[in-house]
Amino acid sequence: MSTTTQAPKALRGVGNWIDDRFHLAKTGEKNLRKVFPNHWSFMLGEIALYSFIILLVTGVFLTLWFNPSMAHTTYEGSYQRLNGVEMSEAYASTLRIDFDVRGGFLVRQIHHWAALIFVASLVVHMLRVFFTGAFRKPREINWLIGVGIFTLAMLEGLFGYSLPDDLPSGMGVRILQGVMLSLPVIGTYVSMFLFGGEFPGEDIIPRLYMLHILLIPGILLALIVAHFMILWHQKHTQYPGTGRSEKKVVGTPMFPGFAIKAGGFFFFVFAVIVALSAFVQINPIHLFGPFTPTAITSGLQPDWYMGFMEGSLRIFPNWLDFQIFGYAVPIGVLVPGLVIPGLIFGGLAAWPFLEQWITGDKRAHNVADRPRNAPVRTAVGVAGVVFYGILWLAGANDILSHTFSISLYWTTYFFRVAAIAGPIIGFIVAKRICLGLQRRDRETLEHGYESGTIQQLPSGEFIEVHKESSQETVHVLESKAAVDRIDDEAIASVEESESDGVEAPAARGLKGKLRAKLAHWYTKDNVSFEGVEAHTGHHLHHGAGHEEHEEMAGSH
Amino acid sequence: MKWITARRRHPLAGYVVVLLALAVFGVGYALVAPSADRAEAQVMAAAQTGAEPAGGETVDIAQGRDIWERSCASCHGLNGAGSDNAPDITGAGGAAVDFQVSTGRMPSSNPDAQMPRKEPAWDREEIDNLIAYYEQEIGQGAGPAVPEEPPGDEPVRSDYEDEDAYEEAKASYDEAYDAYINGASDTQAGMQLYLANCAHCHSWSGAGGGLTGGHWAPQITDATPRQLYEAMLTGPGQMPVFTEGTVTPDDKQELISYVKTLQAEPNAGGIFDLNRVGQVAEGFIAWTVGLTLIIACAIWITAKQRAHD
């Protein structure tokens with residue numbers, strides 16, 4: 001009987017030998033059975049992990065030949081067109097990787113495409129976590145680590161882009177230096193320190209190289225490991241559904257089901273990146289030519305993840321610059337180059353704590369929110385995405401202008417207005433859509449779904465037959481809290497305090513009042529599901545009953 | 001109708017409708033919108049006279065005058081002194097005339113707007129006649145003349161009576177072209193000149209770029225070496241003039257050779273070069289192709305049967 005499930009004797013022997021010493025069987029079994037929820041959006045973070053692994057492996061390959069030196073040399077190599085051209089060792093060795101090292105060109109392109117995919121997958125992963133509220137207690141620390149990984153990944157990309165010392169590299173470093181110089185008082189010192197003297201000097205590439213291959217990847221690796229250990233310990237969030245609760249995870253066990261999926265997925269990610277690298281030319285440094293401080297070109301951008309900073313620099317007006325005691329304070333560089341990115345990343349890091357403070361929700365959450373059930377959060381997220389997207393587009397304004405034959409100035413004027421109006425419109429539209437979806441959810445929960453079958457009643461009236469939704473759908477819809485407004489009590493206590501002199505402890509002082517107001521704003525429009533039970537709606541009096549509910553909801 | 005009724009609630013029906021609507025609007029717009037080509041065609045039809053077959057060696061000043069009076073004088077004036085909507089071109093030189101007319105920018109269909117490059121309104125022989133008339137009657141030797149050394153337009157089959165004559169002309173043109181391009185040997189000089197003086201408008205690849213005030217720097221990859229040379233000599237539009245003193249003829253040759261060699265360079269990195277637009281196109285592809293494919297795969301491997309509702 002048991003022979004069918006037992007491993008071969010030799011394997012058992014080895015297994016027992018190991019288990020006698022490390023006692024792995026127990027922890028191993030527990031971890032191998034760990035359950036992973038089955039939803040595509042939980043795979044987004046894995047794309048980032050896999051592309052990071054690809055970056056590490058290809059990066060090691062590239063370091064074998066890359067020479068991070070700004071020493072002057074005259075190129076003599078396989079690339080005929082640039083023979084006899086003076087350049088730095090860094091550029092010459094990159095040409096060598098491209099044209100003399102077997103497979104070098106492909107690996108360099110894999111490294112670059114993987115970097116683009118890596119940061120893109122970080123962004124979509126982060127958006128998923130944000131919009132489903134997966135950053136809430138107990139996962140705030142992992143959110144902070146994620147924000148750290150995102151920030152470092154951008155820097156890592158910028159420094160890597162600067163290493164080959166080709167034309168766009170040098171221009172990128174020049175912009176970096178310009179932003180540093182805009183720092184009041186310390187700007188010049190910071191720049192002189194980083195460059196070891198005046199721009200470009202002889203030191204910047206060896207220094208960026210150290211940061212790019214040692215320091216930042218080291219920190220990134222540590223953060224990614226921490227991210228995973230915390231995830232492993234806390235487990236995934238999961239979407240609401242049948243059998244899923246704050247305490248019970250439903251999904252595929254790690255082994256064999258999920259391991260096979262994840263392994264296969266790695267190869268798919270790798271295949272897509274290699275296919276792009278094989279067929280689509282990226283960052284053709286041999287065409288750009290080496291950087292010299294006199295050279296400058298239009299139509300070059302940073303890689304996409306720096307695009308929003310480029311855009312904010314491009315559209316920010318220059319009429320706010322001023323001088324103090326003869327020292328220039330270039331607001332037109334300082335604000336778009338440092339303050340705006342600082343606000344974006346600072347806002348990302350602060351949001352979980354801000355939301356917790358506003359809502360007063362200190363409970364642990366393992367079931368993810370459906371974005372529509374947290375309309376203000378979703379709307380804030382959309383506003384952020386629109387703001388980022390506008391800046392990102394503005395970073396390509398010259399390409400947009402030339403490609404679509406639009407006047408360059410008009411793109412700037414448009415983006416200036418859109419950077420302010422766009423997020424506001426995005427906020428309103430997203431919130432209204434969420435509330436509409438909430439109403440539809442209540443409708444579906446009460447009445448079932450529209451079957452498409454039209455029936456004529458004896459009275460002659462036509463109705464559409466509603467059918468009961470599946471158990472799964474009912475469970476998903478019921479996941480919304482009956483009333484998740486936190487306005488009435490808090491606001492009332494604030495108002496009472498003004499008349500009676502008795503203050504609710506939570507609403508004391510300016511901060512308390514502000515909190516109460518924010519909490520009201522955060523939840524006031526939520527559609528109440530109070531008293532709604534599945535499939536209890538009156539189909540025939542559909543219209544009248546519905547409007548009553550609508551009234552009640554509106555009066556809050 | 002039954003076919004549609006059976007499928008209109010299919011999960012993909014919505015996408016199909018959107019795609020169809022996009023296709024209808026796209027194709028419809030393309031049909032209705034006035035295209036630059038058609039506007040040009042009208043100009044050309046108006047300008048075409050019974051063109052003489054090519055092969056004549058002598059210059060026909062009378063035909064040049066004819067073209068001038070019919071297509072240039074209405075704006076630039078009979079004596080080339082200009083008017084309210086066109087500049088005085090008496091001092092522009094034959095090089096400017098050749099550049100403007102052989103790149104199709106003149107005659108202009110809208111004197112207030114920057115003209116894009118298009119098919120010239122006249123064939124090579126007629127343009128030569130026009131230049132000859134200009135040099136004799138209007139410019140009278142002022143301004144730079146047409147540079148003869150850099151090769152101009154490639155021979156066009158329709159200008160020749162038979163295949164052999166065309167082949168012969170093409171062969172000698174190619175020879176002259178290669179001699180001119182390969183005659184420059186100092187890549188470094190050409191690269192430095194181009195990247196310091198040209199690339200900040202025309203971009204590193206020669207693809208052009210946006211300029212201030214609604215202008216743009218045109219793509220220069222279609223230009224012949226002679227047109228590039230003439231542009232430097234005469235500074236059309238927003239472009240500054242690079243005289244023979246500031247950039248010597250040898251340096252101009254290096255520069256032109258750099259542009260043309262870079263343009264002819266194969267794309268070592270893959271068959272898709274994204275028009276050498278650079279990072280914007282790369283980022284676009286990373287999101288729309290790379291990440292989209294990967295996410296589609298994630299959706300596929302985690303898919304399960306949906307409850308029907």
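Modeller: Start with charge. The rule finds one salt bridge across the interface of chain A and chain B. Its partners are Arg81(A) and Glu265(B), whose closest N and O atoms lie 3.9 Å apart. Keep in mind that this is a predicted model. The cut-off for such a pair is 4 Å, so the 3.9 Å of Arg81(A) and Glu265(B) falls within it.

Polar contacts come next. Across the same interface, 23 residue pairs are in polar contact, with both residues at pLDDT 80 or more. On chain A, several elements each supply at least two residues of the side that touches chain B. Among them are the helices α3 (44-63), α5 (104-131), α10 (254-279) and α16 (408-447). The strand β7 (449-456) belongs to that list too. The residues on this side of chain A divide into 42 nonpolar, 23 polar and six charged.

Now the extent of the contact. Chain A brings 71 residues to it, and chain B brings 59 residues. Interface size is often given as the accessible area lost when the parts come together. Here the area buried between chain A and chain B is about 5,100 Å². Carbon and sulfur atoms give 68% of that area. Three residues stand out: Arg81(A), Gln281(A) and His402(A). They supply 13% of the area that chain A buries against chain B, more than any other three residues. Arg81(A) is also the chain A partner in the salt bridge to Glu265(B).

Stay with chain A and look at helix α15. Over all chains, the count of salt bridges comes to 22. Move on to the loop between α15 and α16, where Ser405(A) sits. Phi of Ser405(A) is near 55°, a positive value in a residue other than glycine.

Return to α3. Leu56(A) lies in this helix. Leu56(A) is part of a nonpolar surface patch of about 520 Å², along with Ile53(A), Val57(A), Leu221(A), Val225(A) and Met229(A). Two elements give two or more residues to the patch: α3 and α9 (204-234) of chain A.

The loop between α8 (187-195) and α9 of chain A contains Pro200(A). A cis peptide bond joins Phe199(A) to Pro200(A), with omega about -10°. Chain B has a cis bond as well, from Met106(B) to Pro107(B), with omega near 0°. Pro107(B) is in the loop between α5 (94-102) and α6 (124-139) of chain B.

Notes: Residues are numbered from 1 along each chain as its sequence is written. Chains are lettered from A and ligands numbered from 1 in the order in which they are written. This is a predicted model: local features need pLDDT of at least 70, side-chain atom pairs count only at pLDDT 80 or more; totals for chains, interfaces and linings use all residues. Side-chain values use heavy atoms; hydrogens and water are left out. Contact means heavy atoms within 4.5 Å. Buried area is the accessible area (1.4 Å probe) that two parts lose on being put together, summed over both. A salt bridge is a side-chain nitrogen of Lys or Arg within 4 Å of a carboxyl oxygen of Asp or Glu. A polar contact is a pair of N or O atoms within 3.5 Å; within protein, one must be able to donate a hydrogen and the other to accept it, and residues adjacent in sequence count only if both atoms are side-chain atoms. Helices (H or I, at least four residues) and strands (E, at least two) are DSSP runs, numbered from the N terminus. Ala, Val, Leu, Ile, Met, Phe, Trp, Tyr, Cys and Pro count as nonpolar, Asp, Glu, Lys and Arg as charged, and the others, Gly among them, as polar. Patches are made of residues with over 30% relative accessible area and no salt bridge: like charges are joined within 9 Å, nonpolar side chains (Val, Leu, Ile, Met, Phe, Trp, Tyr) within 5 Å. Accessible areas come from the Shrake-Rupley method with a 1.4 Å probe; for residues, only the protein chains shown count as cover.
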